[in-house]
Amino acid sequence: AAQIVNWDRDHRYCGRCASPTDAHAADRARVCPQCGLMAYPRLTPAIITLVERDDGKALLAWGAQFPGRFYSALAGFVEPGESLEQCVVREVKEEVGIEVTDIRYFGSQPWPFPHSLMIGFQARYAGGELVPQESEIVDAGWYSHDDLPPVPRGGMAIAGWLIEDWLKRQQG
């Protein structure tokens, strides 16, 4: 609901000719009565990825945006012209310097930033040394199921779902 309210508020005027827009009669859209431009709610896709090694350990990182010591899966926004899988490869490489393979879709959820869709993936470590991107990552490391830092567990966020799924698979 917050995403729709924000979109409606931000599209009261036409982005092409600046005329006031009207609600479309049949679609969730705003239409310009002057030039006919239709504006639909936009989604900004973002990925979140839990990377696993063959020894069962998962890569968890403490993002600079989190106050306090809190670790999670790696996430980032999809850039124009790239696939979701390409985004996974790029974001992991940019944020921690490693290569991944075997990228698998996990699930998705609406994410109010204010108009995002978070798409979850699992991936396998393919090589490289962990080198956290200082501007985004405070710390990153490989963790086993019985030696976790503070992480999201279950709950309402896909990060917690990814971690819970990994924990269930590790604990048999």
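Analyst: This is a predicted model. Let's start with Ala18, which sits in the loop between helix H1 (2–10) and S1.

User: What is the phi of Ala18?
Analyst: Near 70 degrees. That is a positive value in a residue other than glycine. Most residues other than glycine have a negative phi.

User: Is Ala18 buried or exposed?
Analyst: Ala18 counts as exposed, because its relative accessibility is 53% and the cut-off is over 50%.

User: And Ser19, where is that one?
Analyst: Ser19 is also placed in the loop between H1 and S1. At 13% relative accessibility, Ser19 counts as buried.

User: What is Ser19 in contact with?
Analyst: Leaving aside neighbours within four places in sequence, Ser19 touches Arg12, Tyr13, Cys14, Cys32 and Gln34.

User: How far apart are Ser19 and Ala61 in space?
Analyst: They are 46 Å apart, C-alpha to C-alpha. In sequence, 42 residues separate them.

User: Back to strands. What order do the strands of the open sheet take?
Analyst: The order is S1-S2-S3. Those three strands form an open sheet with antiparallel pairing.

User: Which strands stand at the edges?
Analyst: Strand S1 (22–23) and strand S3 (38–39). Each has a single partner strand, so one side of each has no neighbour in the sheet.

User: How many bridges join S2 to S3?
Analyst: Two bridges join strand S2 (residues 30–31) to S3, and the strands run antiparallel. Arg30 stands opposite Ala39 in S3.

User: Which strands and helices each supply at least two residues of the lining?
Analyst: Four strands do: S4 (44–52), S5 (58–63), S6 (74–77) and S7 (99–111). Helix H2 (84–96) and helix H3 (158–170) do as well.

User: Which one gives the most?
Analyst: S6, with four residues of the lining.

User: What is the lining like by class?
Analyst: The lining has 19 nonpolar residues, five polar and three charged.

User: You named Met118. What is its bridge partner?
Analyst: Met118 in S8 is the bridge partner of Ala46. S4 and S8 pair in the parallel sense over nine bridges.

User: In what sense do S7 and S8 pair?
Analyst: Antiparallel, over ten bridges. Within S8, Gln122 is the bridge partner of Arg104.

User: How many of the residues of S8 are buried?
Analyst: Nine of the twelve residues of strand S8 (residues 116–127), so the strand is largely enclosed by the rest of the structure.

User: On to helices. How far does H2 reach?
Analyst: H2 has 13 residues and reaches 18 Å from its first C-alpha to its last. That is close to the 18 Å expected at 1.5 Å a residue.

User: Which residues of H2 are buried?
Analyst: Cys87, Val88, Arg90, Glu91, Val92, Glu95 and Val96. The buried residues of H2 pack against S4, S5, S6, S7, S8 and strand S9 (137–143).

User: What comes just after H2?
Analyst: Gly97, with a positive phi of about 80 degrees.

User: And H3, what should its 13 residues span?
Analyst: They should span 18 Å at 1.5 Å a residue. The end C-alpha atoms of H3 are 18 Å apart, which agrees.

User: Which H3 residues are buried?
Analyst: Ile158, Ala159, Gly160, Leu162, Ile163, Glu164, Trp166 and Leu167.

User: What do the buried residues of H3 pack against?
Analyst: Strands S4, S5, S7, S8 and S9.

User: Last one. Which residue follows H3?
Analyst: Gly172 follows H3, and its phi is positive, near 80 degrees.

Terms used
Residues numbered from 1 in each chain as written. Predicted model: local features only at pLDDT ≥ 70, side-chain atom pairs only at ≥ 80, totals over all residues. Heavy atoms only, no water. Nonpolar A, V, L, I, M, F, W, Y, C, P; charged D, E, K, R; others polar. Buried < 20%, exposed > 50% of the residue type's maximum accessible area, 1.4 Å probe, protein only. Pairing = 2+ DSSP bridges. Expected span 1.5 Å × (residues − 1). Contact = heavy atoms within 4.5 Å.
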